Amino acid sequence: MIAQQIINALSQGAYYALFASGLTLIFGVLDILNLAHGAIFMWGALMSWFLMAEMGMGFFPALAISVVACGVIGILLDRAAFKPLRDRAAGHLPPLVSSLAVSFILVNLAERFFGTRVVRFPSDAVPFSGTLELGDVRLPMLQVALMCVSVVLMFALWYMVERTKVGRSIRALQENPDVARLMGVDVERTIAWMFVVASALAGVAGVFLGVAYNSASPYMGHWIDLKGFAVIILGGMGSIPGAVLGGLLIAFAETATVVYLSSDYRDAAAFVVLMAMLLIKPSGLLGSSREVRA
Amino acid sequence: MMYNIRLTILIPIGYGREDKGNLWPALDTLARDCPERHAKPRVFPAEWRSSAGRRKTREEFLMFTKLAGAPARLGRNVIGLSVAGLIAAASGPAAAQEASSTIETADLGAVYALTGPVAIYSTTIQNALKMALEDVNGMDGPKLDIALEDDRSNKNDAINVYQKFIQRDQKLLIFGPLIGSQTFAAAPLAQRAGVPVMLTSVATPGVTDIGDYIFRTSVESATIIPSTVEAAVDKLGIETVAQIYTNDDQFSIGEYEAFDGALTENGVEILGVETIRTGDVDFSAQLTKIKSLDPDAIVISSQGEESVGLMTQARELGIDAVFLGGNAFNSSGVLKDAGEAMENAMSATPWFASQENEANLEFVKRYREMFDADPDWLAAQTYDAVMIVKQAVDAAGITPDDGVADARTKLRDALAAIETYDGVLGKIEFTDNGDPVVPGAVLQVKNGKHELVE
Amino acid sequence: MLELRNVTTAYDQIVALKAVSLEVKASEVTCLLGANGAGKSTLINTISGLLKPKSGELSFEGRAITGMRASRIAGLGIVQVPEGRGIFQQMTVHENLLMGAHLRKDSAGVQRDVERHFERFPRLAERRNQKAGVMSGGEQQMLAIARALMAQPRLLLLDEPSMGLAPLMVEDVFRAVREIAAEDVTILLVEQNARLALEISDRAYVLQNGEIALSGSARELMESDTIKDAYLGAA
């Protein structure tokens, strides 16, 4: 039973990490919480459902189209909610509010396009069906696929940020946007690219989560937004390995709470861990205590 | 006779914002209910402050109302009552008019979740409203007009629609909202304003305790859940169970508690209790824990979406226990989405499609013709509710000269006077509290279909 | 090479530069002197495009650059070593140099230049793969200059390179600046240490309250009584 619970926590942690890594990427550079991240995640799930259930597409084409579309929504999000405020140097609160507004708009549009009900994916469209059985441990193949995809994407993201020119520009912007400009970094293009990557990751998480739990609705973004914030604060704002670690830690804390305490406290567990972290190390597990810029 | 009444309305601080909000519509009513030829009150509202403590403030307010000759009662609705008293005093001469024939149309409101997370339940309700209106308006007596509005599945919108119906639109009665948590938020407004409410879908315990203006045709789960447990013990030989329920949803908590009592009463051992929250999608941790307990059955008290997730994920984890459930299990949507995972599952229902009472046979036939779909228990409850309201409107004898407050009171009294009703649900008996008691039945899923357990 | 005509820059309502006109001639070292708050950094950042002038015109090699984006101005070859060095502390020394070469497309040339700068600044070579933030102030200044050179600048803007450095380090930094000037790179140097700055400059401007108060050849200004009193100390 413990083995099964560890597997449960690992696959839950994989979702958290995938979702939170995009959130932390945007926070790291722009210092803002993107409250529309969950709405994009939801669009990824519902779009892939639409393509599979209504258009009769296979899983992989639907995944590809949904993820690309999420990337495009990411750029539009930046153009609509963040760029106008950035140009006016509007501070921290206005972008928070305008991203919240965009998230409402995205939810409302989803209600219009996809309806308000929880939709189910057609069972024949989903690959990796079946369950891996190792002794008493059951592991749906979809969860296995998701964990593999998460590991690959996290590594790809890490590689992009740490080893490529775009990643270097992102880190330069993160540390000192003015000097980055002086070095010739095209700030707007870099930020747009970042939104594409972050939103595409949210899309991947959305598609897999929708398919794995066979459930998608316009409201599925709400709960994961909150978890995502807890994950990135725990892991250290702006740190991608931190998002992975934070995601796993919260998933394990939740599972352990169910196993050893009571499922009544499951949601509280994440936030208790979070608050303990804030007392011990306010910058999070892997967060660097960043200097406060004037 | 000509009165020139000058009123000064004092608003005591500390009675809550909603009381102030209620004042203005009350004043509008006051102005309208006093026709020019009798009296035209002039209203000078003033904020009444007292530097003394709250107790003093209450005493001063009582003294003021005594001086003003208006009835007053301490409590949250002190303003509404005192203003209502003033209205009665001011419009005294108007009441002396000659009686006339009854109204032609009764303006009613309905508020349901047409969008949002629980909108899944409202389609059949909307259909039933439409069908019942068609039937009702073909009968003699006053016609019914029902304005349907969306509360987007949330409490605040339900409150807003209620306020609009009560104050601006002057509706005589309100149908809905859909679920218990919304009802607990909105219905007290109607109770305070003296507007009758007819609930057609709320199976949560305690909603009729809000007050004597709250009625329902929806059957409380607690009254039928014991029959599920009895059938599970008799037919399936269940000896041990694990319970899992949504602990942030009043409806699910009510079902859970009803199961808890019935299980204990029937000598079933409860091996463990797990909880989930509304909107959760991953239940693997809780279900893994339940798996290790190896119960004969798993009792699920949740709304539809979570029920589907719980059942399918339990099967994925290799759990083969049978499921027992509440109202959600009766939904055809849940049955379809859960598929094979729900085989053999048992639940009690206040109504089922193949019920053989005459009203039901006719109802099911007409519903299928009109909407090309099957009705569910919510449609049945809603249809009966409209019929009962029609019966009450006929009996109430509301005249065009009745003020809206009087008309609402007459309608409430007529509703309260109905003790039994023979309708689609079968023979309904209403308790003193306004709760319905129906025969009901237990269903079990066989080959993907609900079948009656004899 | 660089010309400013009547450039006025303001932060909100506060005018920091008032109708400043100035010229930087190719292959020369031009220095800009002035007290704290005289508007020196404002001027540098206006040239770099981080600040937009309210009025006036800027041109570089005959081409108008007024209001151009900072990243495009960098692309024209105007490269700034910002005040306080502005190195990327979380990046390695090597990555900082690569940031300098951000706009270059010739990766082989970039690689060669990296090695060249490591030869010139051996201290940097030793710390190649360390986080730049752990280095001393002087080393960071060297890195900031090397990073700017990676961009193959036609005009190098140096903002207070001696700030906060120990005297020995200051000498090192100015030695480096002199070497760079000798390699035919045009330099606009902002300095508070007027004596050191004038020694290596061809031409000088003095900024006072956002206006050009004095200008002339470095030699002339060195002799000027005003400069002697105000900036060189009454020695």
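Between chain B and chain A, an area of about 2,500 Å² is buried, and carbon and sulfur atoms give 47% of that figure. Please bear in mind throughout that this is a predicted model. Chain B brings 30 residues to the contact, and chain A brings 26 residues.

Six salt bridges are found across the interface of chain B and chain A. One pairing to look at joins the side chain of Asp282(B) to that of Arg266(A), a salt bridge with an N to O distance of 3.4 Å.

Which elements of chain B supply at least two residues each to the side that touches chain A? They are strand 9 (269–276), helix 9 (284–293) and helix 10 (304–316) of chain B. Helix 9 of chain B gives the most, with seven residues.

Finally, the surface of chain A. Ile2(A), Ile6(A), Leu10(A), Phe252(A) and Tyr260(A) make up a nonpolar patch there, and together they have about 470 Å² of accessible area. Two elements of chain A, helix 1 (2–30) and helix 10 (240–260), each give two or more residues to the patch. Helix 1 of chain A provides the largest share, three residues, and Ile2(A) lies in that helix.

Thank you for your attention.

Methods: Residues numbered from 1 in each chain as written. Chains lettered and ligands numbered in written order. Predicted model: local features only at pLDDT ≥ 70, side-chain atom pairs only at ≥ 80, totals over all residues. Heavy atoms only, no water. Contact = heavy atoms within 4.5 Å. Buried area = accessible area lost by both parts, 1.4 Å probe. Salt bridge = Lys/Arg side-chain N within 4 Å of Asp/Glu carboxyl O. Helix = DSSP H or I, 4+ residues; strand = E, 2+ residues; numbered from the N terminus. Patch = residues over 30% accessible without salt bridge, like charges linked within 9 Å, V, L, I, M, F, W, Y side chains within 5 Å. Areas by Shrake-Rupley, 256 points an atom, 1.4 Å probe, with all protein chains shown as cover.
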